[in-house]
Amino acid sequence: MRKTLVLAAVAVALGGLTGIAAAQVKPDVLVKQRQSAMTLIGKYWGPIAGMASGKVSPYNADVVSRNATYLENLAQMPWDGFHESTKGEKTRALPATWEQKAKFDELAQRLQSETAKLGEVARKKDEAGVKQQYAAVGKVCGACHEDFRQKQ
């Protein structure tokens, strides 16, 4: 019990430090970091989407596995870049990103969870599982873009 409390306290402290560190970075740098992470997500998502939807063939389980593992990690990265200090920066993030922060954060968590599941089935070389999980990841991406990203 005591060990659990100590671990919880350390986790809370580290989480607080992350917020402090993000607050000290210039807003334009935070924007560039989050945009870079999102660009890489798109890069590694493209081949998975092509193969899972049948638009690209043949299906290559090794490429899908590699890309899904990258996505699993990349999905952790952009969120601290959506710090309050970036609100006034010129980006495609809509004001709803900060006005509906709980919903935005929930979608970020869902993306992390769904990409972890995608990575798991992809590393098992489970093509049917990848195709099913690809749809779940795409749904979360679309929901976030619909509500929180300015259309081009």
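**Ground rules.** I number residues from 1 along each chain as its sequence is written, and my side-chain values use heavy atoms, with hydrogens and water left out. As the model is predicted, local features need pLDDT of at least 70 and side-chain atom pairs count only at pLDDT 80 or more, while totals for chains, interfaces and linings use all residues.

**Confidence.** I looked up pLDDT (the predictor's confidence in each residue, from 0 to 100) and found an average of 89, with 85% of the residues at 70 or above. Over residues 1-11 the pLDDT is below 50, and this stretch has zero contacts (heavy atoms within 4.5 Å) beyond near neighbours in sequence.

**Overall build.** I found six helices and zero strands; both are DSSP runs numbered from the N terminus, helices being H or I of at least four residues and strands E of at least two. Among contacts with a separation of 6 or more, 73% come from residues 24 or more positions apart. Of the 152 residues, 32% count as buried, taking buried as under 20% relative accessible area, exposed as over 50% and partly exposed as in between (1.4 Å probe, protein chains only).

**Aromatic pairs.** My search of the whole structure gave six aromatic pairs. Rings of Phe, Tyr and Trp (its six-membered ring) pair if their centres lie within 6.5 Å; planes under 30 degrees apart are stacked, over 60 edge-to-face and the rest tilted. One of the pairs is W79 with F104, edge-to-face at 5.7 Å centre to centre and 75 degrees between the planes. This pair links distant parts of the chain, 25 residues apart: W79 is in the loop between helix 3 (61-74) and helix 4 (96-99), F104 in helix 5 (residues 101-123). I checked burial too, and both W79 and F104 are buried.

**The cluster.** W79 and F104 share one aromatic cluster with F82 and F148. The charged end of R34 sits over the ring of F82, 4.2 Å from its centre; for this, NZ of Lys or CZ of Arg must be within 6 Å of the ring centre and within 35 degrees of the ring normal.

**T97.** Which residues does T97 contact, leaving aside its neighbours within four places in sequence? I found F82, F104 and F148. T97 is in helix 4 and counts as buried because its relative accessibility is 1%. A polar atom of its side chain lies 3.5 Å from the backbone oxygen of F148.

Note on methods:
Polar contact = N/O pair within 3.5 Å; in protein donor to acceptor, adjacent residues only side chain to side chain.
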